[in-house]
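Morning, everyone. I have one structure to walk through today. Please look at the sequence and the model first.

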Amino acid sequence: MGITGTLSSDQLDSFNSQGYLVIESFANPEDIESMMKRMDKLLDDFDYTNVSVFSTKNQRKVTDDYFYQSAENISFFFEEKAFGDDGSLKQPKQLSINKVGHALHELDPVFKGFSSSEKSSGLLSSLGYKKPVIIQSMYIFKQPGIGGEVVPHQDNSFLYTEPTTCTGMWLALEDATLLNGCLWAIPGSHKNGLVRRFLRGENGVYFDQPSPSYDQKDFVPIEVKAGSLVLIHGDLIHQRLMSSKSPFSLSLYVWGTVLRISPRNQGMPTAGMWWILMAVNGRQRIGLEEKWSPSLYMHLDLA
């Protein structure tokens, strides 16, 4: 028997109309505590000799091998303002990390348990996914004082497929409010389609179009309690503003199957052709030649 969808018709109508949906109490306090304690342990064990900086403004700093390889690793990315002129951290590493990603859902048992739960599968079944795969996961910190803003963007710009199938699952691990940097979105903006793509080329990564101008009055805040999940359409324009203190969150990004994936996406293996995602022995792999990694994707079988 397949996984039963968990969203009501009213919730689906709201998601299709607004481009996002808030699901309260998606994660219980025990789940949240378990994931936060696990991240504390990962940070304690992390040797930051080799570091990478994350920015949504200046992507030249994230075009190194460390960033590319993070698609199939648990990698640590520092805030741009975490280091002094002498190259040393201004404050402890626990207060300097921007995010950890991008294979927590596959390689860490605590995060994998949450990502592959029946509740997650039921949610995706409601959206019409038949054999979805989690392509990317991120634990986001947004550190007080040095945490950079996340500029207006669409997730499909970075995780492009044909047809576009990306859905974001943003879990608040702490209360997210106007005061501490909640999500903001332009309701209904997903209906206008994808405005630009973030491409990977021989000389690094770049956007194929300049950023459109957005009127900040069009954005609405999405304030949620800890444990709430914000479901985000891949074409929705959304952002996070700078704040003195921001809530921890977990982001998961999902693709559908039987689609074409561009090798020019930010985290894809280098290739000169399109790649095909297909199910093999209950797992997902990248087809064409031998270049594929079973750790890139976690298969959520809803059949």
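A definition before the pocket. On a 1 Å grid over the protein atoms alone, a pocket is an open set of points with protein on both sides within 12 Å along at least five of seven lines, and lining residues have an atom within 4 Å of a point. Keep in mind that this is a predicted model.

Now the overall numbers. The protein has 303 residues, and 51% of them count as buried. Its secondary structure comes to 7 helices and 19 strands. Take the contacts in the protein with a separation of 6 or more. Residues 24 or more positions apart account for 78% of those.

On to the second largest pocket. Its volume is about 190 Å³. The lining has 14 residues. Which of them lie nearest the centre? Those are Phe 15, Leu 127, Tyr 129, Thr 165 and Thr 167. By class, the lining splits into 5 nonpolar and 9 polar residues, with no charged residues. Helix α1, residues 9-18, gives the largest share of the lining, 3 residues.

Next, helix α6, residues 118-126. Its buried residues are Ser 120, Ser 121, Gly 122, Leu 123, Leu 124 and Ser 126. What covers them? The cover includes helices α1 and α5 (109-115), plus strands β1 (20-23), β8 (167-172), β13 (229-233) and β15 (249-255). After α6 comes Gly 128, with a positive phi near 95 degrees.

Strand β1 deserves a stop. Leu 21 lies in it. Is Leu 21 buried or exposed? Its relative accessibility is 6%, so Leu 21 counts as buried. Leave out residues up to four places away in sequence, and Leu 21 touches Leu 7, Gln 11, Ser 14, Phe 15, Leu 229, Val 230 and Leu 231. Phe 15 is also one of the residues nearest the pocket centre.

Past β1 we reach Ser 25. Ser 25 sits in the loop between β1 and α2 (29-45). It is not a glycine, yet its phi is positive, about 55 degrees. Ser 25 counts as exposed because its relative accessibility is 58%.

Ser 70 is in the loop between α3 (65-69) and β3 (74-78). With a relative accessible area of 1%, Ser 70 is buried. What does its side chain contact? The side chain of Ser 70 makes a polar contact with the side chain of His 102, at 2.8 Å. Beyond four places in sequence, Ser 70 touches Ser 75, Phe 77, Gly 101, His 102 and Ala 103.

A cis peptide bond joins Gly 101 and His 102, with omega about 10 degrees. His 102 belongs to strand β4, residues 97-102.

Last item, the cysteines. A disulfide is a covalent bond between the sulfur atoms of two cysteines. How many disulfides does the model have? With sulfur atoms required to be within 2.5 Å, the count comes to 0. Cys 166 counts as buried, at 4% relative accessibility. Cys 182 counts as buried as well, at 1%.

That's the tour. Over to you.

Terms used: Residues numbered from 1 in each chain as written. Predicted model: local features only at pLDDT ≥ 70, side-chain atom pairs only at ≥ 80, totals over all residues. Heavy atoms only, no water. 1 Å grid on protein atoms, 1.4 Å probe; cavity = no way out; pocket = protein on both sides within 12 Å on 5 of 7 lines; lining within 4 Å. Points joined across faces, edges and corners; volume = space filled by probe spheres on them. Helix = DSSP H or I, 4+ residues; strand = E, 2+ residues; numbered from the N terminus. Nonpolar A, V, L, I, M, F, W, Y, C, P; charged D, E, K, R; others polar. Buried < 20%, exposed > 50% of the residue type's maximum accessible area, 1.4 Å probe, protein only. Contact = heavy atoms within 4.5 Å. Polar contact = N/O pair within 3.5 Å; in protein donor to acceptor, adjacent residues only side chain to side chain.
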